[in-house]
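Please open the structure in your viewer and keep the selection tool at hand.

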Amino acid sequence: MGDVTVTREGRVATVVFDRADAGNALSSELMLEITDVAVALRREHELSAVVLAGAGPNFSLGFDLEEGRRRIETPPDLAERRRLSRIGRDMCRAWVEIEALTIAAVDGWCVGGGGALALACDLRVASEGATFYLPEIARGLNLSWGAVPRLTALIGPARAKRMAALAEKVSAEQALDWGLADRTAPRGEAQAAA
C-alpha cells in the first residue's frame, strides 16, 4: 500500500506508516490506508500481536493541518463533510477491533490524532524523549476520535483533564508512571521494544 507497509515475523505483524517528511501527519488518504490495514489484520486469526509505528523520528504530529487548511479554502459539500468527519474515528475503531494484541511504538512526538491512534491500541511503548500531547481543546477543536474515554480509562479523569483540557505535554517517563505507556525504551527503539 502507498504510505503503509506491513511485515510479518512469525505471529507478529508490524505496520509502519510513512509520511516522515510531514511528521507522519494523518491525511485522509493515510488514515484510510491505516484503516484498511487494520480491517485486513483483524481477519488474520493466526496473529498474536500487531505493532504500529510511524516512520522517522515521530510517531505522528496528528491530523494533517495542511489538508484542513485546504478544506477551509475550498469547503466540501455536506456529504463529503460527513464522510470526512468519520475517517479518524473509523480508523481508531478499526484498531480497537483487531483481535490480536496491538502495540503502538511511540518515538518522538505523539500529537492529537496520533495520540488517539496510539490510545486505540492495547499497549504503548514509548522511547526516551517521546512526548504525548493533545492540543485540540486548547486550539478550539474537539477530540472526536474516541480518545477521551480511552484516555480516562487508562489514566483516570483528573490526569485525562490535564492532558486534554489543559493540553499538558506528557513525557515518556511520566506516561509510564501514569499508565499511559506500558514500557519505555531507549531513544528511537520503541518499535524494537514493542
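A residue is called buried when its relative accessible area is under 20%, exposed when it is over 50%, and partly exposed in between (1.4 Å probe, protein chains only). Helices (H or I, at least four residues) and strands (E, at least two) are DSSP runs, numbered from the N terminus. The model is predicted, so local features need pLDDT of at least 70 and side-chain atom pairs count only at pLDDT 80 or more, whereas totals for chains, interfaces and linings use all residues. Residues are numbered from 1 along each chain as its sequence is written, and side-chain values use heavy atoms, with hydrogens and water left out.

**The whole chain**

The C-alpha trace spans about 45 × 35 × 30 Å along its principal axes. Of the 194 residues, 48% are buried.

A contact means heavy atoms within 4.5 Å. Among the contacts with a separation of 6 or more, 70% are between residues 24 or more positions apart.

**Strand 4 and its partners**

Select residues 101-106, which form strand 4; 5 of its 6 residues are buried. Two strands are said to pair if DSSP finds at least two bridges between them. One place to look is valine 51, whose bridge partner in strand 4 is isoleucine 103.

Now select strands 5, 7 and 8. These 3 strands form an open sheet in the order 5-7-8, with mixed pairing. Strand 5 (109-111) and strand 8 are the edge strands, each pairing on one side only. Strand 7 (residues 131-133) and strand 8 run antiparallel, joined by 2 bridges. Threonine 131 has serine 171 in strand 8 as its bridge partner.

Then display the side chains of tyrosine 133 and lysine 169. The charged end of lysine 169 sits over the ring of tyrosine 133, 4.8 Å from the ring centre. The rule for this is that NZ of Lys or CZ of Arg is within 6 Å of the ring centre and within 35 degrees of the ring normal.

Select alanine 167 as well, in the loop between helix 6 (157-164) and strand 8 (170-171). Most residues other than glycine have a negative phi. Alanine 167, although not a glycine, has a positive phi of about 55 degrees. Alanine 167 counts as buried, because its relative accessibility is 14%.

Where does asparagine 24 lie? Its place is the loop between strand 2 (12-17) and helix 1 (28-42). Asparagine 24 is not a glycine, yet it has a positive phi of about 55 degrees. Because its relative accessibility is 0%, asparagine 24 counts as buried.

Arginine 19 is in the loop between strand 2 and helix 1. At 17% relative accessibility, arginine 19 counts as buried. Leaving out residues up to four places away in sequence, arginine 19 touches several residues, including Asp3, Asn24 and Asp64.

Move to glycine 114 in helix 4 (residues 113-119). Glycine 114 and asparagine 24 are 90 residues apart in sequence, but 8.6 Å apart in space, C-alpha to C-alpha. Glycine 114 is buried, with a relative accessible area of 0%. Beyond its neighbours within four places in sequence, glycine 114 is in contact with Leu26, Phe59, Ser60 and Gly62.

Finish with the aromatic rings. Rings of Phe, Tyr and Trp (its six-membered ring) pair if their centres lie within 6.5 Å; planes under 30 degrees apart are stacked, over 60 edge-to-face, and the rest tilted. By this rule there are 2 aromatic pairs. One of them joins phenylalanine 17 and phenylalanine 59 edge-to-face, at 5.4 Å centre to centre and 85 degrees between the planes. The pair links distant parts of the chain, 42 residues apart: phenylalanine 17 is in strand 2, and phenylalanine 59 is in the loop between strand 3 (49-54) and helix 2 (65-73). Phenylalanine 17 counts as buried at 0% relative accessibility, and phenylalanine 59 counts as buried at 0%.
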